Amino acid sequence: MLAHHIRSGVLASATLLASAQLSLALDANDFANKLTQAYATGGASVTYDSATASGDDITMTNLKMTVAGEASTFNLGDLVFEGVQEDGSGNYTVSSVSENEISFSQEEVSISLKDIKVENLFIPADSTMSSLDNMFFYDRASTGPLVVSVEGNDVFKIARTDTRTTKSSDGKRMDFDARADGLEIDLSSIPDAEAQQAINGMGYQYLSGDMVIQGYWNVPDGELTLSDYAMTLNDVGRLGLSFSISGYTLDFVKGLQELQRNMAGKEGDAQAQQAMGLAVMGMMQQLTFNNLAVRFDDASLTNKVLDMVASQQGMTRDQMVQGVQAMLPFALSQLNNPEFQKSVTEAVSLYLADPRNIEIAARPSNPVPFASLVGAAMGAPQSLPNVLNVTVSANQ
């Protein structure tokens with residue numbers, strides 16, 4: 001009798017455990033459907049053959065991705081999403097997903113990207129994009145070598161990339177920080193003879209450097225700020241850009257994505273392209289300009305260009321600089337803005353005499369609606385430097 005009760009208890013326990021395990025099992029098809037829906041909301045089409053779960057991992061086989069407006073399809077093969085969890089509300093989180101290599105070719109161009117990894121991926125139950133809480137999101141994405149080849153020659157390389165994004169605790173702001181290291185550009189195979197002569201003359205057949213991108217997006221008012229977007233090329237210089245606009249809300253983003261979906265497959269339709277251009281111009285009226293700055297820190301480029309052009313003109317570099325300085329006031333007089341003309345002439349002359357850095361900035365005292373900018377550009381273009389408070393400064 002005792003043995004009978006023990007057997008019954010063991011069977012009941014096993015049945016209970018099996019039922020609990022079954023209820024906690026991941027629904028691979030539901031996961032895959034929500035993943036494809038998240039990408040569809042962003043304008044990409046994802047297809048796959050099957051989705052299966054094993055423990056807390058989900059494998060999607062023969063996964064392919066096509067971006068709206070692009071002819072190429074990315075064959076991602078079989079992807080394993082590791083550490084998948086469903087939060088009880090239909091949202092999924094993924095600890096990591098990786099791919100050894102993605103490559104594709106089109107005509108004479110081939111691209112290879114290796115060691116791809118995405119960490120802490122969030123897949124919403126409903127990709128409505130009404131807030132950051134139901135947007136496709138990840139904490140970190142990294143890659144290994146990227147190689148772009150043209151006619152068999154490796155013309156562009158990046159050793160590694162690393163992108164990190166964070167959401168604020170109130171779900172209203174997203175910060176992003178990305179960098180690309182080990183940048184290599186091969187200009188030695190450019191077919192244009194004149195361009196090749198200039199490149200060889202300045203010693204820029206092979207360039208190396210890095211890139212950085214930093215900024216944030218404040219969702220409620222749509223403030224998109226790029227605090228630093230810069231490329232540094234060794235022995236050339238650093239070109240940096242920063243800007244800020246408002247009005248880039250979730251509704252604005254969804255409107256752009258809808259336009260992109262509507263234009264898919266109509267790239268050769270001139271009438272459709274014109275209609276899209278008008279629609280984009282209409283949407284731009286929702287944006288507000290806050291500020292913009294472009295800065296170049298020289299590391300040899302300016303003097304090499306001046307020496308090359310001076311040599312072609314049969315002049316010395318000093319003569320070349322003096323000629324440019326003399327021509328500037330006449331070239332800028334067409335702006336019909338004497339004060340701005342004077343400040344630009346002084347800054348450019350200072351930079352050419354001693355190339356260290358130069359910056360062009362537009363920092364209006366108050367944000368300017370894009371509609372006002374378009375109106376000023378069409379009606380009184382000479383007023384734009386004053387409307388935007390444009391300044392040019394050198395060697396600061």
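Is Asp307 buried, partly exposed or exposed? Asp307 is partly exposed, with a relative accessible area of 35%; buried means under 20% relative accessible area, exposed over 50%, and partly exposed in between (1.4 Å probe, protein chains only).

1. Basis of the values. This is a predicted model, in which local features need pLDDT of at least 70 and side-chain atom pairs count only at pLDDT 80 or more, while totals for chains, interfaces and linings use all residues. Residues are numbered from 1 along each chain as its sequence is written, and side-chain values use heavy atoms, with hydrogens and water left out.

2. Salt bridges overall. The count comes to 15 salt bridges, each being a side-chain nitrogen of Lys or Arg within 4 Å of a carboxyl oxygen of Asp or Glu.

3. Arg317 and Asp307. These residues form a salt bridge whose closest N and O atoms are 2.8 Å apart. The pair links distant parts of the chain, with Arg317 in helix H7 (residues 317–332) and Asp307 in helix H6, 10 residues apart. Helices (H or I, at least four residues) and strands (E, at least two) are DSSP runs, numbered from the N terminus. Arg317 is partly exposed at 31% relative accessibility.

4. Lys304 and Asp235. In this salt bridge the closest N and O atoms are 3.3 Å apart. Lys304 lies in helix H6 (residues 301–313) and Asp235 in the loop between strand E13 (223–233) and strand E14 (237–246), so the pair ties together parts that are 69 residues apart in sequence. Lys304 is partly exposed at 25% relative accessibility, as is Asp235 with a relative accessible area of 43%.

5. Glu119 and Arg140. Their side chains meet in a salt bridge (3.8 Å, N to O). Glu119 belongs to strand E6 (residues 109–123) and Arg140 to strand E7 (residues 137–143), 21 residues apart. A network of salt bridges links Glu119, Arg140, Asp162 and Arg164.

6. Nonpolar cores. A nonpolar core is a set of buried Ala, Val, Leu, Ile, Met, Phe, Trp, Tyr and Cys residues joined through side-chain atoms within 4.5 Å. The largest has 41 residues, and those with the most contacts inside it are Trp217 and Ile358. Helix H8 (residues 338–353) provides the largest share of this core, six residues. Apart from it lies another core of 25 residues, among them Phe31, Ile58, Ile102 and Ala141.
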